[in-house]
Amino acid sequence: MHNKVRILALALLGVPGALPALDNGLAKTPPMGWNSWNKFACNVSEDLIKSAADAIVSSGMKDAGYQYVVIDDCWQVSRDENGNIVPDSTRFPSGLKALGDYIHGKGLKFGIYSDAGTGTCQNRPGSRGYEFQDARQYAAWGVDYLKYDWCNAGQQNSEASYSIMSQALKKSGRPIVFSLCEWGSTKPWLWAKDIGNLWRTTGDIADKWSGSKDDGLGVVQILDLEDGIESYAGPGHWNDPDMLEVGNGGMNNTEYRAHFSMWCLLAAPLMAGNDIRNMPPEIHDILTNKEAIAVDQDPAGIQGRRVKKSGELEIWSKQLSDGGRAVSLLNRGGAEANITVNWADLGYPEHLSAGVRDLWLKKDLGKMSGSFSSAVPSHGVVLVRIRP
Ligand code: GLA
């Protein structure tokens, strides 16, 4: 049978895996950028987005790898008589094409937000029924990244709904990173690999170390939800534990360092969510730690996993392309504690001699055999890179 006919026939029969894999060539490493939501919510405007783009460049974040500038919810107000989506002309007087040009002029990429249902989470118009028209419009504006939410979707089937927009983006003729945001509710890691480049795995993050389902997930609740889904991530398709809260004021710097380290260990998308125009130096230094970012962006694209848990003390390890490991000693408890990682926890023979480098002290700690131990502050990590 002719290949195209075969694929179509299999697709119509509903054979799983029969559709060609999403091959948009994008997000070979986890996407990095900035998104307006966590800090600014609906308070978006062209001035804010332009000044954020300026700050990504002037702060050194662009040099550290941050690329996508994403306007989240509330840029859109209605549809015109032809069904075209209408941006808020008071907040974006120059229009989104001009804004995209500005962002591109800085050597950055332009991201936008919509929703698979009839309305967004802030009840702005969603894309349901307008997928192809919206995708064409995004491409005309120069959009490079779409975050696609799941509010007001009623009884819609998630896989089918996200597939339509995936096809629409493909047809738009412009390479656009597709970021699924259905909060892990229908286990997108099981079906989204051929549809999108990243998918949220949990409900919304809150700017706190520990929370609950009702008052927002804290960093540690999100970490627990990542345990066990590592193998679904890889180049071009990532688990997304939600955007960063680093610098938003609800945690201390030890906690923010741990939050950032753990996201790097998880090969998570790194979307800063703070006011990057006014960052204290400590926050800037967390977001731009190039050695931690290199762990996140390692070309092998292997998500790290929890390899040991003893009460509040945990060890997480990420396999790197050079045969080494990034290891995070994580202390979730209320007091400083000593944590030891044994080479056996990492799949290494005990006699192996390996170099250990502390990625926050930016210091080689020497060659070690068998194990490495360190004191770890409460709600903190010690993040090391181990090179056999
Ligand atoms: C949902 C998403 C958030 C954000 C808001 C915007 O809650 O999960 O990340 O996009 O909608 O309304």
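Colleague: At roughly what angle do helix 6 and helix 7 cross, and within what distance do their axes come?

Modeller: In this predicted model, local features need pLDDT of at least 70 and side-chain atom pairs count only at pLDDT 80 or more, while totals for chains, interfaces and linings use all residues. Residues are numbered from 1 along each chain as its sequence is written, and side-chain values use heavy atoms, leaving out hydrogens and water. Helix 6 (residues 131-141) and helix 7 (residues 158-171) cross at roughly 40°, and their axes come within 8 Å. Helices are DSSP runs of H or I with at least four residues, and strands are runs of E with at least two, numbered from the N terminus. Axes are lines fitted to C-alpha atoms, for helices over the stretch in contact, with angles from 0 to 180 degrees between N-to-C directions.

Colleague: Which residues make the contact between helix 6 and helix 7?

Modeller: Helix 6 contributes Glu131, Phe132, Asp134, Ala135 and Tyr138, and helix 7 contributes Ile164, Met165, Gln167, Ala168, Leu169 and Lys171, contact being heavy atoms within 4.5 Å. Seven of these residues are nonpolar, one is polar and three are charged (Ala, Val, Leu, Ile, Met, Phe, Trp, Tyr, Cys and Pro count as nonpolar; Asp, Glu, Lys and Arg as charged; the others, Gly among them, as polar).

Colleague: How are helix 8 and helix 9 placed, and which residues make their contact?

Modeller: Helix 8 (residues 219-226) packs with helix 9 (residues 253-265) at about 15°, and their axes are 11 Å apart. These two helices are therefore roughly parallel to each other. Val219, Ile222 and Leu223 of helix 8 meet His259, Met262 and Trp263 of helix 9. The contact has five nonpolar residues, one polar and no charged.

Colleague: At roughly what angle do helix 3 and helix 5 cross?

Modeller: Helix 3 (residues 46-58) and helix 5 (residues 96-105) cross at roughly 10°, with axes that come within 9 Å. They are therefore roughly parallel to each other. On helix 3 the contact uses Glu46, Ile49, Lys50, Ala53 and Asp54, and on helix 5 Leu99, Tyr102 and Ile103. Five of the residues are nonpolar, none is polar and three are charged.

Colleague: How many cavities of 30 Å³ or more does the structure hold, and which residues line the largest cavity?

Modeller: On a 1 Å grid over the protein atoms alone, a cavity is a set of points where a 1.4 Å probe fits but cannot get out, a pocket is an open set with protein on both sides within 12 Å along at least five of seven lines, and lining residues have an atom within 4 Å of a point. Grid points are joined across faces, edges and corners, and a volume is the space filled by probe spheres set on the points. The structure holds one cavity of 30 Å³ or more. The largest cavity has a volume of about 60 Å³. Its lining consists of Asn35, Val70, Tyr145, Lys147, Ser179, Arg200, Asp240, Met243 and Met271.

How values were computed: Parallel < 35°, antiparallel > 145°, perpendicular 65-115°, else oblique.
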